Amino acid sequence: MAAQKDVCDVIVIGAGIQGCFTAYHLAKHGKRVLLLEQFFLPHSRGSSHGQSRIIRRAYPEDFYTQMMDECYQAWAQLEHETGTQLYRQTGLLLLGIKENQELKTIQGTLSRLGVKHQCLSSEELKQRFPNIRLARGEAGLLEKSGGVLYAAKALGALQDAIRQLGGKVCDGEKVMEIKPGLPVMVKTTSKSYQANSLVITAGPWTNRLLCPLGIKLPLQTQRINVCYWREKVPGSYGASQAFPCFLHLDLSLAPHHIYGLPSGEYPGLMKVCYHHGNNADPEERDCPTQFSDIQDVQILSRFVRDHLPDLDPKPAVVEHCMYTNTPDGHFILDRHPKYDNIVIGAGFSGHGFKLSPVVGKILYELSMKLTPSYDLTPFQISRFPDLGKAHL
């Protein structure tokens, strides 16, 4: 006799922040949802772990800034529901030379959409943040609502909420096979399941699940160094000293952005990172450091030495995280081109955490065949013409 399959409305594969918010929205709307995770929770193998992330409205693109309005409300609602502080407002300081085009574009977006911000001259920056050493001609833009999200606490709070709402969270179950159809079948290392629809939010493992389904997305996985730097005077770069999160946009220093968060998650250490990494297989992310990893840390060391003089310019702690990047840095939020009950959320490119409440809502809407709350044109698979339909 064939083994009985567990039946649910929607299966979500991947219990990172995007999968968790998707399952949370489904459970809130009374759907029987199963959230599958290949590793035992909590774990540090993907992109959503660690203590902190930056939250901001400051984006060059209107669509992200507009989405962030609902995200701030959703984060506040989750705090209220779970009784857990998940956000600390510190402000976000964007730094670059006055002529920096990205800085100008962001300022234009914030002005147009009525987001509170303040432009700071070099002199105003020196007075306000004396422990930042500026390059010649640098100016700043302070976005007031920017701050820190407590990432690990958010994941834990969401997983608890999903269970309390009647959803199932099954960790330590790797997906071995997906059989498309109605219902869609999912076989794991432990069991078989079936559902009306499937949402794949598997981060660096996305293409491993999609290739047998006839599609390969243009995703590149990178291993990122997450570096912490010791304060010469503990607390001098802390949020309690009104030090903000920052994003350095000057690409003459390095080909990619450098960002930082106030000290706090490790006492006396400040998180300063490079928004780029080394191409890596997610199964081998803990393998020995490659040369380009060392180069990234050297770029950061020079930046810390030249711009943050009250930090020791050698990292005290180096951790790792995975980015799953798309060619244009925008997310993929779409249905499988052939199977419309398989929904894909992928390619969050190192800036998806803050937007996850709205991403989860969109993926819930797609899985239920509801009209999406946002224009999904920037996130469609069809924007990559090289993909072709040959696979299908």
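I count a contact when heavy atoms lie within 4.5 Å. My helices (H or I, at least four residues) and strands (E, at least two) are DSSP runs, numbered from the N terminus. This is a predicted model, so I note that local features need pLDDT of at least 70, side-chain atom pairs count only at pLDDT 80 or more, and totals for chains, interfaces and linings use all residues. Residues are numbered from 1 along each chain as its sequence is written, and side-chain values use heavy atoms, with hydrogens and water left out.

**Entry 1: H1 against H5**

I started with helix H1 (residues 17-28) and helix H5 (residues 151-164). Which residues of H1 meet H5? I found Ile17, Cys20, Phe21, Ala23, Tyr24 and Ala27 on the H1 side. They meet Leu155, Leu158, Gln159, Ala161 and Ile162 in H5. I sorted this contact into 10 nonpolar, 1 polar and no charged residues. For that sorting, Ala, Val, Leu, Ile, Met, Phe, Trp, Tyr, Cys and Pro are nonpolar, Asp, Glu, Lys and Arg are charged, and the others, Gly among them, are polar.

Next I took the axes, which are lines fitted to C-alpha atoms, for helices over the stretch in contact; angles run from 0 to 180 degrees between N-to-C directions. The axes of H1 and H5 come within 9 Å and cross at roughly 30 degrees. That makes H1 roughly parallel to H5. My cut-offs are under 35 degrees for roughly parallel, over 145 for roughly antiparallel, 65 to 115 for roughly perpendicular, and oblique for the rest.

**Entry 2: H8 and its partners**

I then turned to helix H8 (residues 356-367). H1 packs on H8 at about 55 degrees, with the axes 7 Å apart. The two are therefore oblique to each other. In this contact I listed 7 nonpolar, 6 polar and 1 charged residues.

Helix H2 (residues 62-82) also packs on H8, at an angle of about 100 degrees. Their axes are 7 Å apart. H2 and H8 are therefore roughly perpendicular to each other. From H2, the contact uses Met67, Glu70, Cys71, Ala74 and Trp75. From H8, it uses Ser356, Pro357, Val358, Lys361 and Ile362. I sorted these into 7 nonpolar, 1 polar and 2 charged.

**Entry 3: cysteines**

How many disulfides does a search of the whole structure find? It finds 0 (a disulfide is a pair of cysteine sulfur atoms within 2.5 Å). Cys8 is in no disulfide, and its nearest cysteine sulfur, that of Cys170, is 9.3 Å away. I checked accessibility too: buried means under 20% relative accessible area, exposed over 50%, partly exposed in between (1.4 Å probe, protein chains only). Cys8 counts as buried because its relative accessibility is 8%. Cys170 is at 13%, so it counts as buried.

**Entry 4: two more residues**

I found Arg57 in the loop between strand E3 (52-55) and H2. Is Arg57 buried or exposed? It counts as buried, because its relative accessibility is 17%.

Ile342 lies in strand E20 (residues 342-346). At 0% relative accessibility, Ile342 counts as buried. Leu366 is 24 residues from Ile342 in sequence, yet their C-alpha atoms are 9.0 Å apart in space.
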